[in-house]
Amino acid sequence: MMMKPDTSNPVAGTSPNLLVATIRKPWIWSYLAALLAFLATMVLSGGQGALSLLYAALTFASFSVMVGIGQMFVITLGPGNVDLSIPATMTLVATLSLKFMGSEAGLILPGFLIALIVGLGCGMFNFALILLLRIPPIIATLSSSFLYQSLAIWSNRGLRIKPPEPLAEFSTSGVLGLPNLALVALLLAGLAWVVLERAVVGRWVLAIGQNLRAAQLSGVPVHAVRFCVYVGSALLAAVTGFLLASFSGGANLNMGAEFMLMSIAVVVIGGSSIAGGNSNVPGIWGAALFMFLLVSMLNSYGLGAGVRLVLTGIIIVTVVIVASKRKHSA
Amino acid sequence: MTPPDISTSADLSAPVVELNDVHMAFGPVQALSGASLTIRAGECIGLVGHNGAGKSTFVNVVNGRLTPTGGAVSYTGEQAPQDQVRNSARAHSAGIRSVFQELSLCPNLTVLENLRIPYSTMPRHRWRSLARTTVIEALDAVFPDHGISAHALVGDLSIAERQMVEIAIAFSKRDHDARLVILDEPTSSLDVSIARQLLAHIRRFCAAGGAVIFISHMLGEVFEVASRIVVMKDGRIAEARETADFTHDDLVEAMGHVVPEGDAAQAAEARAELGPEVARLPSGLSARQGEIVGLAGLAGHGQAEALAQFFLSRSSKWRADDRPEVVFVAGDRARDGVLPLWSILRNLSLATLKEFSRRGIVNRTAEAALAQDWQQRIGIRADKLTDPILSLSGGNQQKVLFARALASAAPIVVMDDPMRGVDVGTKKEVYRMIRSEAATGRTFLWYSTETDEILECDRVFVFRNGDISAELTGADITAENMLRASFEMQEAAE
């Protein structure tokens, strides 16, 4: 059968016309939405505080970006793959590492190391449940998150330990007008882009997301790739939890709660396919900025948290519908 | 299975479908240009042509899935004014049924539930028992002794059994009797004896006044069953004559391929010295370096499972080798091979990514060069390698999967019935490629449901019920010996 080849190829399109190529990218919409939310806020304030709003947006978006990257790789693995243990991992890591450091500046590096080790442990435990006990990832990560949350409650006992002074300083300041946190998140996003778009492992993740059996029969080491993805997601959650606790003056038991929805939202709004196999990194930044700017816009128009959550839900549903429609018509 | 009622046999040569100068364009690509054909009751039309000749487009215009961009299609027994109803509804009420090359049953439903889907006007009350009797009657009529339960989940059936169910559903009794049944490569996953049952049924169906469009790459079957042969080439009907007016060579020539000569002599010559044994399976199957080992027998007797198991035992789920030991060519493309979101390029390079990478980063220059090289060597018909893989026809997708495996340096190549839907010309090309690769010391394990492919092998293991029932070498590799080994025990048991 002869068919007209589809000209808009999201995967390997290298159009000579850069503008057209950019417009076709699925992530462009998240940036446009962020810009709209920003402008709407500025209309109300008459342009007052534009810079400080951007600075705050970059800072808070950084957390969503870091967990979003991990979640993106997990979602890319295909239907049923999602990491619901991100919030609990963040809480557990923050609780344990801050307790260990006990506000001592000298223990920052070992504290960070502990954060990574706890994250590694969480990731390995998640994947062990998925692989050895054959529990669907969504159930496995949900149930393990109860475990992590309980551990955090048990070790925290209602104490709020302050982060060491230099660490708090680092996470709340910036260089060259950019928040340090944003720089860290940018660096991680850059790395994630290289892994996804240029590295063999990234190809393998995308292949598994499209057809696990075909990938395996083409020599892709499927267990190793999925192991790395789940451990990677937990490690990124660990780094985020560590930095968030340092930023906000200590760990607290519901610090991760909003990142359950947020980590998935930034992936989907950023233009990655919820069905897996087709993802992009730039969209995560656009979506994370949009999510923050949306909240500040609603706040400045005097709307409360309830409206904000309703809107977030509506936006995610809309994006998923639009994305699936586009695929059908293509 | 339902022959149209007796009254139609009076007008045995009444047209069922008439195509008048039909054009079908997808953007700038003319998939069908100026096709005119009248299909009459009682006729079996053999439709042949190589991949991309426009066979599938033609068939989809006839069954109403595609609305032609020019010309007219008219069906008999039509009451409704043509432009008020969708084409597919018109075709449906005219009794046009199709069986597609890509299996289109729902794997999560049972056999009888799958009948319910095309039969949308089935009475609601006690439809299950009606569906059960209908589907079993249909299966019994087409494939006596099929052994398929109406309550079996389609996902649990073998590929051959699924194909049988799909064919039976197309011939089944429904609100509109089947007048024209379109069979697109129906025998490609059936073994010889089942295929014979199908051909016999087609003859009965046509004798009773039904019409059939039979698409197959197996020309022997076409000659056997068709009353008229239509040859398509580059979106046109190149020839349409009575079967008796064609010879085998005529037909191949009309399709646009030169008749290969001295093939067998070449084959014998190419047999190089065989090296040491490189593979031995628990079932007793073994292969030596540079050998082409065939896995024969009836479809679904454990060949595919043996190959998949062998592949998985030699490859790791935890580690990817720079130099993999074995690569796999899938036959069930959608399930085992194609990555649907990707381009041709990325699909082609998947198995060789590790071999051609530097420090974990894909070497994209080498990747593009590799893909270009293979596009030429194996003749993938595509404008750009960055086009989506799904824009290719089935046979061309299969070529990409071949290239994916052969591009690797792996010493053992495992092939799971990889020629489904591939045209004659490409087959010859691939046979030649396999032989020359084997001459350089590569080992091939080749499962095939087609006898001519098995005849290309150096050594053949015949499978029956998951075990090896015979090992044939050299001059013993004949169709008769293979059939005998496939059936022996079953006859003895009865």
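User: How many bridges join strand β18 of chain B to strand β19 (residues 467-473) of chain B?

Analyst: This is a predicted model: local features need pLDDT of at least 70, side-chain atom pairs count only at pLDDT 80 or more, and totals for chains, interfaces and linings use all residues. Residues are numbered from 1 along each chain as its sequence is written, chains are lettered from A and ligands numbered from 1 in the order in which they are written, and side-chain values use heavy atoms, leaving out hydrogens and water. Strands (E, at least two residues) and helices (H or I, at least four) are DSSP runs numbered from the N terminus, and two strands pair if DSSP finds at least two bridges between them. β18(B) and β19(B) run antiparallel, and the bridges between them number 6.

User: Which residue in the turn of the β18(B)-β19(B) hairpin has a positive phi?

Analyst: B:R464 stands opposite B:D467 in β19(B). The hairpin has 2 residues between its strands. A positive phi of about 50 degrees belongs to B:N465.

User: Which residue stands opposite B:V462 in β18(B)?

Analyst: Strand β12 (residues 292-297) of chain B pairs with β18(B) in the parallel sense, over 5 bridges. The residue opposite B:V462 is B:A296.

User: Which are the edge strands of the open sheet of 6 strands in chain B?

Analyst: The order is β5-β6-β7-β3-β8-β9, with mixed pairing. Two of its members, β3 (residues 44-48) and β7 (residues 211-215), pair in the parallel sense over 4 bridges. There, B:G46 stands opposite B:F214. Pairing on one side only marks the edge strands, β5 (96-99) and β9 (236-242).

User: Is α5(A) parallel, perpendicular or oblique to α6(A)?

Analyst: The axes, lines fitted to C-alpha atoms over the stretch in contact, come within 9 Å for α5 (residues 108-132) and α6 (residues 137-156) of chain A. They cross at roughly 135 degrees, on a scale from 0 to 180 degrees between N-to-C directions. Under 35 degrees counts as roughly parallel, over 145 as roughly antiparallel, 65 to 115 as roughly perpendicular and the rest as oblique. That makes α5(A), relative to α6(A), oblique.
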